Amino acid sequence: MAWGAPARAQSSRVQALYDLCRRTFPSPSSAASPPAPPPASAVRAISSLMDTISPADVGLRDDSLGDGGGGHGFFDSTFVKGAARASRWAQPITYLHVYECDAFSIGIFCLPTSAVIPLHDHPGMTVLSKILYGSMHVKSYDWVEPTVLASNRQVKLAKLHADDVLTAPCPTTVLYPQSGGNLHSFTSVASCAVLDVLAPPYAEDAGRICTYFNDYPFSSFSSGRAKTVDSPDNYAWIEAINSPVYINMRPGMYTGPTVQVSPNFTCCIPLYQSWSLLKKMRLRFPGPPIITDEPRSIKQCVRAARHQYSSSKFQCSVVDVP
Ligand SMILES: [Fe+2]
């Protein structure tokens with residue numbers, strides 16, 4: 001395969017992914033904070049679209065046959081020759097930035113063989129991950145609720161969600177703020193690339209900070225209060241790492257189709273025109289859009305818009321659901 005697909009701004013799958021994310025994920029500034037996870041139907045739609053995305057769709061070649069580095073769309077030929085001579089351990093993880101706003105981000109992590117992204121969390125976030133090529137070991141946990149602390153150490157109990165090797169092609173995985181494996185680590189078994197959608201992205205001022213952790217077997221500590229578990233192997237004690245964590249990661253150049261950011265709609269409808277109509281429509285505000293098919297969510301949208309525009313009427317736009 002050559003160096004990737006030519007840019008097709010309007011018709012690319014990346015553009016379709018951006019458009020769908022834009023319709024799905026509300027901006028934290030125009031919705032309740034922190035934003036609630038999107039409806040399951042919307043997540044399924046994004047997952048289905050991501051399932052169809054190939055390395056070529058994002059400007060990568062299928063690099064599953066080796067660690068040449070050329071698949072990252074980052075290295076020039078001189079660097080590639082040098083990298084080929086270098087030890088494999090020296091190769092960095094490469095992050096390719098595709099798009100980011102305050103509602104969501106799209107990016108790609110390219111991992112050489114044996115690279116590790118340590119155990120970390122996604123506080124308040126929904127994350128969709130699609131392995132584009134290669135193979136990786138994924139280990140993930142969710143916090144046990146209510147919180148269970150160990151009696152003699154600052155560690156919290158978590159339940160194992162996944163401990164599997166995933167090999168492309170495989171379905172998109174989804175994690176939520178409190179389920180689906182919100183804490184996870186990646187270890188590449190073979191050179192791989194992962195397309196990630198984060199909604200919302202990390203934001204320090206909003207309290208969405210990435211924390212790294214160590215995990216210990218359940219037998220390592222005793223609980224501060226009575227806690228029985230169905231299978232000790234399915235639980236672990238998780239300890240936040242307070243010192244800086246070094247990850248050999250660097251930004252790369254995304255060479256796939258450029259995302260064309262959607263302009264605001266200009267079609268106007270009066271508020272309260274038709275709830276039954278609105279229920280079946282995608283509703284957009286002059287700010288980042290919201291997709292919903294639930295009256296309750298629409299009311300939340302209206303409240304947010306009222307707050308934003310300080311008016312009982314506001315300009316928004318609607319698009320028929322296909
Ligand atoms: Fe992650």
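This is a predicted model: local features need pLDDT of at least 70, side-chain atom pairs count only at pLDDT 80 or more; totals for chains, interfaces and linings use all residues.
Student: How do you know that the reach of H2 is close to what is expected at 1.5 Å a residue?

Tutor: Helix H2, residues 40–51, has 12 residues, and from its first C-alpha to its last it reaches 16 Å, which is set against an expected 16 Å.

Student: What makes the buried residues of H2 line one face of the helix?

Tutor: The buried residues in question are Val43, Ile46 and Met50. Seen down the axis of H2, they fall within an arc of 65 degrees, so they line one face. The face turned away from that buried side carries the exposed residues Ala40, Ser41, Ser48 and Asp51, while the cover over the buried residues includes helix H1 (13–24) and the strands S4 (126–143), S6 (173–175) and S7 (183–199).

Student: Why is Tyr141 called buried?

Tutor: A residue is buried if 20 or more other C-beta atoms lie within 10 Å of its own; Tyr141 has 26 such neighbours inside 10 Å, and therefore it counts as buried. Tyr141 belongs to strand S4, and, leaving aside neighbours within four places in sequence, its contacts include Ala158, Leu160, His161, Leu183 and Ile238. Gly181 is also in contact with Tyr141, although the two are 40 residues apart in sequence; their C-alpha atoms are 4.6 Å apart in space.

Student: Why is Ser114 called partly exposed?

Tutor: The class lies between the exposed limit of 12 or fewer neighbours and the buried limit of 20 or more, and Ser114, with 14 C-beta neighbours inside 10 Å, therefore counts as partly exposed. Ser114 sits in the loop between strand S2 (105–111) and strand S3 (116–120), and its phi is positive, about 75 degrees, although Ser114 is not a glycine. Most residues other than glycine have a negative phi, and most peptide bonds are trans.

Student: What is the predictor's confidence over residues 68–88?

Tutor: Over residues 68–88 pLDDT stays under 50, and the model has 36 contacts beyond four places in sequence for them. Residues 304–322 are below 50 as well, with 37 contacts beyond near neighbours in sequence.

Conventions
Residues are numbered from 1 along each chain as its sequence is written. pLDDT is the predictor's confidence in each residue, from 0 to 100. Two residues are in contact if their C-beta atoms, placed from the backbone, lie within 7 Å. Helices (H or I, at least four residues) and strands (E, at least two) are DSSP runs, numbered from the N terminus. The expected span of a helix is 1.5 Å times one less than its number of residues. The arc is that of the directions from the helix axis to the C-beta atoms.
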